[in-house]
Amino acid sequence: MAASAKVFTLDSRTCNGDWTVVLPRRGRHRRNYPKIRTPEEQQQPWFPSDLKRDTVVESRLLQKLQTCMKKIESSQFYKTLMDQIQSPEIMDHICRVLGSEMNMEMVVYGIGSIEAYEAPRFQLSLALLMKRKFSWIGDIEVFDPILSATEMRVMEALGCSVLSVNEQGRRHAVKPTLFYMPHCEANLYDNLLQVNWGMEQLNRIVLFGNSFETYQQYVSEFTSSLVADSARHILAAQKFTDEFAVKTVSDDYFAAFHDSSLHFLSPVIETELQLI
């Protein structure tokens, strides 16, 4: 999509979804992901399966998120990460991506259920704290096919917009964009890279997500054709990506952020875009 999907507005409509379950990896919560669809089917409107409203549940979930934000903000993990992001090396990359723009939007994919699991609450809390901390982060858009109406309303109360279309990670970076995707599946990262596989688009992307270096190590160690096929663009992007590992510092944040990195993609010649 050349531009972002419209944000979701709750009403009385319902929608049936056919989702498959992806089993959790190490330290990861269970998530649902859509079955493989044609490009036309991928752009169909999306609605949460449960539209019931419970203001008591919403209030409790909002309180949980606010508690998570306070816990992270006072942690050594947060201080370390903020110092890292504000280092001259990373700020040089951010200024390069911004160019003449004042800020970059944040797109959050695959956040998971913030109602059912602590790790997604930590992940969303960090995204909200980053927006509060840095003036160069603009609006936050969120999508995960498992979001409930309760979770959507809480996210909206915290200033986020929830997308009405499952983009399958295929957002065109027509302007500087921070894609915030901790612990997403490899194919979602690969979809994002594939649809932006050009010098101008890739140079507009900052990616917070699974370590590209770890994917490369895994493929080299286990020679997994399945991983290699689903991570083809990830592996090819390594040669023009500067990666900065996120330090979890304490066990409290390991499940939410282990093996996560900030990635800056900066191809300078067309030949670098040749796939492996």
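## Starting point: what counts as a helix

A helix here is a DSSP run of at least four residues, and helices are numbered from the N terminus.

## The chain as a whole

Keep in mind that this is a predicted model. The protein chain has 12 helices and 9 strands. Of its 276 residues, 52% are buried. Take the contacts in the protein chain between residues at least 6 apart in sequence: 78% of them join residues at least 24 apart.

How confident is the predictor? The mean pLDDT of the protein chain is 85, and 81% of the residues reach 70 or more.

## Helix H2 against helix H5

Let us begin with a pair of helices. Two packed helices are described by the angle between their axes and the distance between the axes. Helix H2 covers residues 55-73 and helix H5 covers residues 118-133; they pack at an angle of about 65 degrees, with axes 9 Å apart. Angles of 65 to 115 degrees count as roughly perpendicular, and H2 and H5 are therefore roughly perpendicular to each other. The crossing of H2 past H5 is right-handed.

Which residues of H2 and H5 make the contact? From H2 come Leu61, Lys64, Leu65, Cys68, Met69, Lys71, Ile72 and Glu73. From H5 come Arg121, Phe122, Leu124, Ser125, Leu126, Leu128, Leu129 and Arg132. Sorted by class, this contact has 10 nonpolar, 1 polar and 5 charged residues.

## Helix H2 against helix H6

H2 also packs with helix H6, which spans residues 149-157. Here the angle is about 55 degrees and the axes are 9 Å apart. That angle makes H2 oblique to H6. H2 passes H6 in a right-handed crossing.

On the H2 side, the contact is made by Val57, Glu58, Leu61, Leu62 and Leu65. On the H6 side, the partners are Thr150, Glu151, Arg153 and Val154. By class, this contact of H2 with H6 has 5 nonpolar, 1 polar and 3 charged residues.

Now back to valine 57. Is valine 57 buried or partly exposed? Its relative accessible area is 24%, so valine 57 is partly exposed. Leaving out residues up to four places away in sequence, valine 57 touches Glu115 and Thr150. The C-alpha atoms of valine 57 and glutamate 115 are separated by 9.2 Å, although the two residues are 58 residues apart along the chain.

## Two mostly covered helices

H6 is mostly covered, with 7 of its 9 residues buried. The buried ones are Ala149, Thr150, Glu151, Met152, Arg153, Val154 and Met155. What covers them? The cover includes H2, H5, strand S4 (137-143) and strand S5 (161-162). Just after H6, glycine 159 takes a positive phi of about 100 degrees.

Helix H7, residues 186-195, is mostly covered as well: 8 of its 10 residues are buried. Those residues are Ala186, Leu188, Tyr189, Asp190, Asn191, Leu192, Leu193 and Val195.

## A buried isoleucine

Isoleucine 90 lies in helix H4, which runs over residues 88-98. Why does isoleucine 90 count as buried? Its relative accessibility is 1%, and buried means under 20%. Not counting residues up to four places away in sequence, isoleucine 90 touches Gln84, Ile85, Phe244, Leu262 and Phe264. Aspartate 242 is 152 residues apart from isoleucine 90 along the chain, and their C-alpha atoms are separated by 9.5 Å.

## Two loop residues with positive phi

Valine 249 has a phi near 65 degrees, a positive value in a residue other than glycine. You will find valine 249 in the loop between strand S8 (241-245) and helix H12 (254-257). With a relative accessible area of 47%, valine 249 is partly exposed.

Aspartate 259 also has a positive phi, near 60 degrees, and is a residue other than glycine. Aspartate 259 sits in the loop between H12 and strand S9 (260-265). Its relative accessible area is 36%, so aspartate 259 is partly exposed.

Technical notes: Residues are numbered from 1 along each chain as its sequence is written. This is a predicted model: local features need pLDDT of at least 70, side-chain atom pairs count only at pLDDT 80 or more; totals for chains, interfaces and linings use all residues. Side-chain values use heavy atoms; hydrogens and water are left out. Axes are lines fitted to C-alpha atoms, for helices over the stretch in contact, and angles run from 0 to 180 degrees between N-to-C directions. Angles under 35 degrees count as roughly parallel, over 145 as roughly antiparallel, 65 to 115 as roughly perpendicular and the rest as oblique. A crossing is left-handed if the near helix is turned anticlockwise from the far one by less than a right angle, and right-handed if clockwise. Contact means heavy atoms within 4.5 Å. Ala, Val, Leu, Ile, Met, Phe, Trp, Tyr, Cys and Pro count as nonpolar, Asp, Glu, Lys and Arg as charged, and the others, Gly among them, as polar. pLDDT is the predictor's confidence in each residue, from 0 to 100. Buried means under 20% relative accessible area, exposed over 50%, partly exposed in between (1.4 Å probe, protein chains only).
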